[in-house]
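The following exercises are to be worked with the sequence and the model at hand. Each task is followed by a solution in steps.

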Amino acid sequence: MTIEIILVLSLLVLAMILLATELLPIELVALLLVVVLAATGVLDADLAFQGFASETVVMLACVMVLSHRLTASGLIARFTRTLFARRKMTQRSTSASLMTVSALMSSFVTNTSTTAVLIPAATDLARRTDTQPRRFLMPLAFASMMGGSATLIGTSTNLAASGVIERFGLEPFSTFEFVGPALVISLAGIAVLTLFGPLLLPDTRTSAEEAPEDQTRFMATLVVPEGSKSVGSTIGELDFASLSLEPLAVSRPGGRVGPHPRRKLQVADRIIVAGPRDAVLTAIRNPRLDLASDVAASADIAAKTVVVDAVIMPGARWIGQTLKAMRLSLEPDLTIVALHRRGQEAPALIDRMRLKVGDVLLISGTRDRIATLKDGTELSILGTQHPFPPTQIEGTWTLMGLLMAIVLATTGVLPLSVGLLLAVLMLVLAGRMTLQDSFAMINWRILILIGGMSSFGLAMLSSGAATWLANGLLAVLGGYGPHVLLLGLGLLTILLTQPMSNAAAALTLLPVAIEMAALVGADPHPFVVMVTLSASLSFIAPFEPALLLVYGPGQYSFRDFPRAGLPLTVMSLVLLMVLVPVFWPLEVSV
């Protein structure tokens, strides 16, 4: 064992400890690995930083942008609500339907985005079936991981692994490389969770109504303008629920009336609604509704660039004034869209509400104008500037762009990376978003982690550490044949996914898999596929983003995940042992 091998393996152990304990941020760990590898001469500087400039990073960034826009547009949420509308189902049939939809959607949208979109649908179905959300949320996340493993863009693990093996001289995975085994595993997993879910999932100590509400609820007033598509429509036909909005009342010249689903709208009706920030903004800009804000025309708001949450501070000159009066005192290109007041449940026309300390205002405007609000002491800006969420029509264009990229890649017209980047740039050139907005949709922590771990994988191979580990595995398992070697790689991958992210575990072991195949004279593809899919299909610890999303809303404990995830992981590994040699034959030279 050389000094370089000792150094690389020591770094591996240290990285596992840091990633497992989260003593340092994951992106900082990845960057430190790159610095140490370059500083010690294990990798030249050019090679050490190649992971950040790879085609994989570009593809993953584009997928993040497209998935974020699809999620924010409400297009997928509307589809799922329509799919499950007015259907009377049992708990098991509801769970099976949710998992099926989740698995299918995550094949084309990242599993994290799919889970995020379906959480409200699952919670709503839980209420309608008198079931606790925790019965649906964990299976939903598991199904998104199984379905996401079917395509190259369904999970970051597959995409990152494809880029790494290409750097090692192998043919990258095709877009639909894993559809066969992923389909079998998804069907088997859905069947297991449907039949044995009550035994594997946590009990029902809490009620559906106790699910925590994480989003701030804003109140806004929407006006039915003359000539609007909504004139003559009923409240129910507008389907505010698909936008996560609740109609509270309708104010008209004759007085205020209730928001009955069959109530028909008239010109100048003012609909008081409440819901999350993005839901309010989406409703104002939704051409299907053709409604306007009470304080500005929808076209005016649509022309704005960003929105912020601003809190009324003690001593502000607007305290005690109406919101309409405050609006007149602001710059003309600043618009107050909605208001949140703690404890305010009764419907109210926001322009007539008298402002209090602590009121949170949703303000839209140009980036430069919004920036000036931070200079004063009367408003406190919460968080960062948010771009306007896309409308469902813009979501449709985004979906078309994504499908175009997949078709171009599948037919060989363009590489997938070029097709995805083209789809993003077309949205920018069409004025659907700005490049600055797209940068805000990218999870840079994940990109840095994958870039750093890609470079570490190269160091594993070039230093001889991968060969050393491969020889160690061969010494233990080599006498039992290539199938046992596959099993050993799968188990080792699953073991590493517990302290590390799924993608990081795959990138660490791919060099070992390639070297092991070379030592036994076998085709490396079955070995790299085994590592990739074993990482994508590890459900034991809730460190995968899709599982973390349901952790809070489902009120789960850590031990709930191994209870259901361990049997599912074992089932997936057994099926992989059967399916991988079928789809990627084990050709061993004698």
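**Exercise 1: Strand S2**

Strand S2 (residues 246-252) is largely enclosed by the rest of the structure, because six of its seven residues are buried. Here, buried means under 20% relative accessible area, exposed means over 50%, and partly exposed lies in between (1.4 Å probe, protein chains only). Strands (E, at least two residues) and helices (H or I, at least four) are DSSP runs, numbered from the N terminus. The model is predicted: local features need pLDDT of at least 70, side-chain atom pairs count only at pLDDT 80 or more, and totals for chains, interfaces and linings use all residues. Residues are numbered from 1 along each chain as its sequence is written, and side-chain values use heavy atoms, with hydrogens and water left out.

Task: Determine in which sense S2 pairs with strand S4, and over how many bridges.

Solution.
1. Two strands pair if DSSP finds at least two bridges between them.
2. S2 and S4 (residues 270-275) are antiparallel, with five bridges.
3. Within this pairing, Ser251 stands opposite Arg270 of S4.

Task: Describe how S2 is connected to strand S3.

Solution.
1. A hairpin of two residues leads from S2 to S3.
2. S2 and S3 (residues 255-257) run antiparallel and are joined by three bridges.
3. On this side, Ser251 faces Arg256 of S3.

**Exercise 2: Aromatic pairs**

Task: State how the pair of Phe49 and Phe52 is classified.

Solution.
1. Rings of Phe, Tyr and Trp (its six-membered ring) pair if their centres lie within 6.5 Å; planes under 30 degrees apart count as stacked, over 60 as edge-to-face and the rest as tilted.
2. The structure holds seven aromatic pairs.
3. One of them, Phe49 with Phe52, has 6.4 Å between centres and 40° between planes, and is tilted.
4. Phe49 is partly exposed at a relative accessible area of 46%, and Phe52 is partly exposed at 25%.

Task: Classify the ring pair of Tyr556 and Phe561.

Solution.
1. The centres are 5.5 Å apart and the planes stand at 70°, so Tyr556 and Phe561 are edge-to-face.
2. Both Tyr556 and Phe561 are buried.
3. Elsewhere, ring pairs link Phe173, Phe178, Phe583 and Trp584 into a cluster.

**Exercise 3: Ile446**

Task: Identify the residues that Ile446 touches, not counting those up to four places away in sequence.

Solution.
1. Ile446 belongs to helix H19 (residues 444-463).
2. Its relative accessible area is 22%, so Ile446 is partly exposed.
3. With contact meaning heavy atoms within 4.5 Å, Ile446 touches Leu60 and Met64.
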